[in-house]
Number of protein chains: 2
Amino acid sequence: MVILGGGFGGLVAAQTLKRASVEITLLDKRNFHLFQPLLYQVATGSLSPAEIAAPLRGILRHQKNVEVLLGEAVDIDPAAKQVILGDGGVFPYDSLIIATGSQTSYYGKDQWRENAPSLKSVEEALAMRHKLLYAFERAERAESEEEARAWLNFVIVGAGATGLELAGALAEIAHHTLKHDFRRIQPHEARIILMEGGPRVLSNYPEDLSAKAVEQLKTLNVEVMLGAFVTGIEHDEIHYKHGEVSGSIPARTVFWAGGVTATPFARKVAERLQAETDRNGRFKVNPDLTVPGHPEIFVVGDLALSLDDKGRPLPGVAQVAIQGGRYAANVIKARLKGKTLPPFKYFDKGDMAVIGRAAAVANIFGLHVSGFLAWFIWVFIHLVYIVEFQSRILVMIDWGFLYLTFSRRARLITGELTPDRPLQEE
Amino acid sequence: MVILGGGFGGLVAAQTLKRASVEITLLDKRNFHLFQPLLYQVATGSLSPAEIAAPLRGILRHQKNVEVLLGEAVDIDPAAKQVILGDGGVFPYDSLIIATGSQTSYYGKDQWRENAPSLKSVEEALAMRHKLLYAFERAERAESEEEARAWLNFVIVGAGATGLELAGALAEIAHHTLKHDFRRIQPHEARIILMEGGPRVLSNYPEDLSAKAVEQLKTLNVEVMLGAFVTGIEHDEIHYKHGEVSGSIPARTVFWAGGVTATPFARKVAERLQAETDRNGRFKVNPDLTVPGHPEIFVVGDLALSLDDKGRPLPGVAQVAIQGGRYAANVIKARLKGKTLPPFKYFDKGDMAVIGRAAAVANIFGLHVSGFLAWFIWVFIHLVYIVEFQSRILVMIDWGFLYLTFSRRARLITGELTPDRPLQEE
């Protein structure tokens, strides 16, 4: 059988099949499993990529029925039961678990991507880190107040969990981490603006937690703009509409924390399988997570549209992917024994969003928690979940230092985007 | 005054001037100081970039007479006493310390760079990491023995300290780290070939240590080819001449650990100052490290050609840069008080090259050490020297794990070079 994707869903599926008599091929276009919930900490210079990633081969080295392969699936042939790779490779399957995840959606405005990067991959996180640290460097060298101002305005679009995490971390960088680092500018004069089209932050959380989150954001000097729809993003300005009023903010640094959508691969698969999808390209799966008409093909994680007890779609979070991956693997195991399983049922352990140091909101089994306690629970849970033992220790030390000193070790400006490029673009 | 470059020489110069009544501008095209001697560990997946780098602003945040600026110097105007940046910025100086270092030399064959990356920057280290890990991935997916062979042949050109470090680390990866990770290939069947044009490895070390190093390389299954000159590097083959005999090795992964040369900026400066340089572009400096005819301009580190007691040029190592940077700063301090200093004298603490786990050679104050003891001294010295306290703890933990388990946490394939690119190039 073939598993596509080594994220939470795919990896757990492979591990659940450890003792089953199946030959598994796990395909991913990356050689590592990424602990995506902490990616914003790479973007904001607290952690290094290797601290939140673990090589898939390393994790599965002793599971002899798994073969890990590096390659990107671009198509499938459901009649021949084959996965087709970008380099022409072909892999036959009897069962197939599709766990390839989603990509960022710019709501049809893909031209915004250039000026407003998003946060899905390690590369994007490093590009974001580059962009935000570079902004302070350029502000320090600015020739006018006005120019410095545009470099010190940071706008984050989208007030879901990722938007809050980025806004909170940026505020801490400006107010604490870089406090003594500059001679001409005052980093704490940076404005961090969180822009959201909806009426509240964390729209899928209970309302009281949204309110608590806004309180905590304000304590951190994050400006929250609700009901503001982005209408344009240029390299030095962002335009929005707020009810009837149009406005703009001069800002050189805009980050996109909007929604997600299906990848081109997922759309092609849907077409091949004539599968029904929602407007974000999510597969309307059967109660056993298979694609209607294709009992051998499972879709799990961000790409699956499964519903909870109340008929609401499950969110695109790690827990849904993990439980989905485990369920699909268990169905395959049951089938080997000629058995069937009851439908997939998501066990909701709750949601949490972290805003900053000792600032978070959490909804755990219906219990609403905020502030230090929510943050403490968040830290604990995340440390426990990080896959590799060694990374966990390192992350703990990094976080310990960050907590005590506000320093961020991983404040490196690296990569493609050379310091000179933004200048030449002007 | 202006200091160009935040490497060992430039950073130490700035720090030495801490209590002097000078206004210092430290310019670097990177925002961090890099502990270059450990860069090969980033390339071979033991460490993350942030573990061997520290933001310059962070290091110098409390030294109020230093202003750190991100920018790339491209020219100087010695008459107007100005440094000119790539983006048009201009910085006046009264004193100038040039500590911009060197770049890799392909001995006039720059077309080799594409197929044989070298190891000077964080980006190059990550590209190297990508290339070597990717080779094993491709070998696993190869369709013929022959194809797999070419992916499992690794050639390192140049048997100086960097070449030995890379060869030793590669051998450990093949024989230990990846031992259980693959299903079709045997990583330990990888051939690691160290190719050197000269008659021995570590040519600037005492002969007995060169011999000891070769012994240790052989224990690690590294093949050492001496007296072999590279004549061509293609994407899947390397050609060489060994005396009268021409040969070639099918190899998809070639790393360049050859010599260094001056950067275009340094050559332009030499021209502007009408300064004499050697064939590698190093400045023939006065005994006080100033450029003849320009007592206000110092050159330190890789870019300076200074001689030791016996008239031999000092090597391009961290210690020479550190001592040169400190000396130049002290000359400037002395001048402020109307004093002069005796000529620069390099205090040689010795050389060491590490080959692998418990394998190294060292020449310390004339004492020749090899094996475990040399390695132990190397580990100790490097831990002590790493700039930031926090990084030191993390590196220690990473090394501890590496030593105990042979695991390498930072085995991520990231960046530009996508998995598909090498395929499309074929």
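The radius of gyration here is taken over C-alpha atoms, and the globule rule is 2.2 Å times the number of residues to the power 0.38. For the 426 residues of chain A, that rule puts a compact globule near 22 Å, and chain A has 22 Å, so the two agree. Keep in mind that this is a predicted model. The predictor gives the complex an ipTM of 0.81 and a pTM of 0.87.

**Chain A as a whole**

- Chain A is built with 12 helices and 25 strands.
- Its C-alpha trace spans about 70 × 40 × 40 Å along the principal axes.
- Of the 426 residues in chain A, 51% count as buried.
- Take the contacts in chain A between residues at least 6 apart in sequence: 63% of them join residues at least 24 apart.

- The average pLDDT of chain A is 90, and 91% of the residues score at least 70.
- Residues 416-426 of chain A are another story, with a pLDDT below 50. Beyond near neighbours in sequence, that stretch has 12 contacts in the model.

**Helix α1 and helix α9 in chain A**

- Two packed helices are described by the angle between their axes and the distance between the axes.
- In chain A, the axes of helix α1 (residues 8-16) and helix α9 (residues 318-336) come within 7 Å and cross at roughly 35°. The crossing of α1(A) and α9(A) is right-handed.
- On the α1(A) side, the contact uses A:F8, A:G9, A:G10, A:V12, A:A13 and A:T16. Their partners in α9(A) are A:A318, A:A321, A:I322, A:G324, A:G325, A:R326, A:A328, A:A329 and A:N330.
- Sorted by type, the residues of this α1(A)–α9(A) contact come out as 8 nonpolar, 6 polar and 1 charged.
- Helix α1(A) is largely enclosed by the rest of the structure, because 7 of its 9 residues are buried. Those buried residues are A:F8, A:G9, A:G10, A:L11, A:V12, A:A13 and A:A14.

**The α1 and α9 helices in chain B**

- In chain B, helix α1 (residues 8-16) packs with helix α9 (residues 318-336) at an angle of about 35°, and their axes are 7 Å apart. The crossing of α1(B) and α9(B) is right-handed.
- From α1(B), the residues making the contact are B:F8, B:G9, B:G10, B:V12, B:A13 and B:T16. From α9(B), they are B:A318, B:A321, B:I322, B:G324, B:G325, B:R326, B:A328, B:A329 and B:N330.
- The contact of α1(B) with α9(B) divides into 8 nonpolar residues, 6 polar and 1 charged.

**Positive phi without a glycine**

- A:N221 isn't a glycine, yet it has a positive phi of about 65°. You'll find A:N221 in the loop between α7 (207-219) and β13 (222-225) of chain A. It has 15 C-beta neighbours inside 10 Å, so A:N221 counts as partly exposed.
- B:L202 isn't a glycine either, and has a positive phi of about 45°. Look for B:L202 in the loop between β12 (191-195) and α7 of chain B. Here the residue is buried, because B:L202 has 24 other C-beta atoms within 10 Å and 20 or more is the cut-off.

**One more spot in chain B**

- B:T219 sits in helix α7 (residues 207-219) of chain B. With 14 C-beta neighbours inside 10 Å, B:T219 counts as partly exposed.
- From B:T219 to B:R19 is 200 residues in sequence and 51 Å in space, C-alpha to C-alpha.

Conventions: Residues are numbered from 1 along each chain as its sequence is written. Chains are lettered from A and ligands numbered from 1 in the order in which they are written. This is a predicted model: local features need pLDDT of at least 70, side-chain atom pairs count only at pLDDT 80 or more; totals for chains, interfaces and linings use all residues. Axes are lines fitted to C-alpha atoms, for helices over the stretch in contact, and angles run from 0 to 180 degrees between N-to-C directions. Helices (H or I, at least four residues) and strands (E, at least two) are DSSP runs, numbered from the N terminus. A crossing is left-handed if the near helix is turned anticlockwise from the far one by less than a right angle, and right-handed if clockwise. Two residues are in contact if their C-beta atoms, placed from the backbone, lie within 7 Å. Ala, Val, Leu, Ile, Met, Phe, Trp, Tyr, Cys and Pro count as nonpolar, Asp, Glu, Lys and Arg as charged, and the others, Gly among them, as polar. A residue is buried if 20 or more other C-beta atoms lie within 10 Å of its own, exposed if 12 or fewer, and partly exposed in between; C-beta atoms are placed from the backbone. pLDDT is the predictor's confidence in each residue, from 0 to 100.
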